[in-house]
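Hi,

Here is the structure I said I'd pass on.

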Amino acid sequence: MSLSKNVQITEALYTYILDHSTPPDAVQEELIERTRTSLGNRAGMQIPPEQGTFLTLLTKLVAPRFAVEVGTFTGYSALAIARGLPEGGRLLCCDVSEEWTAVAREAWLKAGVTDRVELRIAPALDTLNSLPTSPHIDMAFVDANKDGYVEYWEALIPRMTPGALVLADNVLYSGDVVSPAPGGAAEAVHRFNEHVRADPRVEAVILPVADGLTFARVLG
């Protein structure tokens, strides 16, 4: 298959992309900087600005009444989703770190979205399995431990409404998913990608956004 439509993202081109996209606001910029300065290499777990803008736009298009995030970190993606929710829309965030989500709570407060966000500190699978089993989730974003992706998927899909949107981050895992023997988290991500591809309950595509983003629509 021809790759002629693919563009190599250089530093200059990435800067161009950011310069021609809706930029982070003051609260988001502060959250990016605080995460970078306080968490060092772990700051790489935060989604990039263009992905945050993409999440906000998608949320506005989907207009979910109830959304779920699996893996919140310092709250940038949750903030992006919360800002796109319709009036009365709610976001449930699942995470296990009081430390990292304390930063998230401060950012949400500054952004004025705390009334839309519920944070549960517990293993995400426990939180998901405690939700009603009937379809009621309109949108989900998964960005947590990679070896749990398949289990999170299986907990979410039966609870998603027809036409609901499911997003999963890091599904290219720095390109390691095409290694003959990826191992570790890359192997877990590859298993997840194979699982989604074989799932008749959804139609899905992997987008080369940041580290790879699965974009799946739940069939009715």
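Below is what turned up, starting with the strands and moving on to the helices.

First, the ground rules. This is a predicted model, so local features need pLDDT of at least 70 and side-chain atom pairs count only at pLDDT 80 or more, while totals for chains, interfaces and linings use all residues. Residues are numbered from 1 along each chain as its sequence is written, and side-chain values use heavy atoms, with hydrogens and water left out.

Helices (H or I, at least four residues) and strands (E, at least two) are DSSP runs, numbered from the N terminus.

S2 pairs with S1 (residues 66-70) in the parallel sense over 5 bridges; two strands pair if DSSP finds at least two bridges between them. In that pairing, alanine 67 has leucine 91 of S2 as its bridge partner. S2 also pairs with S3 (residues 117-121), again parallel and over 5 bridges, and here leucine 92 stands opposite glutamate 118 in S3.

S1, H4 (residues 76-84) and S2 form a right-handed β-α-β unit, and so do S2, H5 (residues 98-111) and S3. Right-handed here means that, with the strands pointing away from the viewer, the path from the first strand over the helix to the second runs clockwise.

H5 also packs against H2 (residues 26-39), at an angle of about 165 degrees and with the axes 10 Å apart. That makes H2 roughly antiparallel to H5, the label for angles over 145 degrees. Axes are lines fitted to C-alpha atoms over the stretch in contact, and angles run from 0 to 180 degrees between N-to-C directions.

Leucine 39 is buried, at 15% relative accessible area. Leaving aside neighbours within four places in sequence, leucine 39 is in contact with Phe73, Thr74 and Trp100. Leucine 39 and tryptophan 100 are 61 residues apart in sequence but 9.2 Å apart in space, C-alpha to C-alpha.

And what does glutamine 28 touch? Not counting residues up to four places away in sequence, glutamine 28 touches Pro23, Tyr76, Leu79 and Arg83. Glutamine 28 is buried as well, with a relative accessible area of 8%.

Cheers

Notes
Parallel < 35°, antiparallel > 145°, perpendicular 65-115°, else oblique. Buried < 20%, exposed > 50% of the residue type's maximum accessible area, 1.4 Å probe, protein only. Contact = heavy atoms within 4.5 Å.
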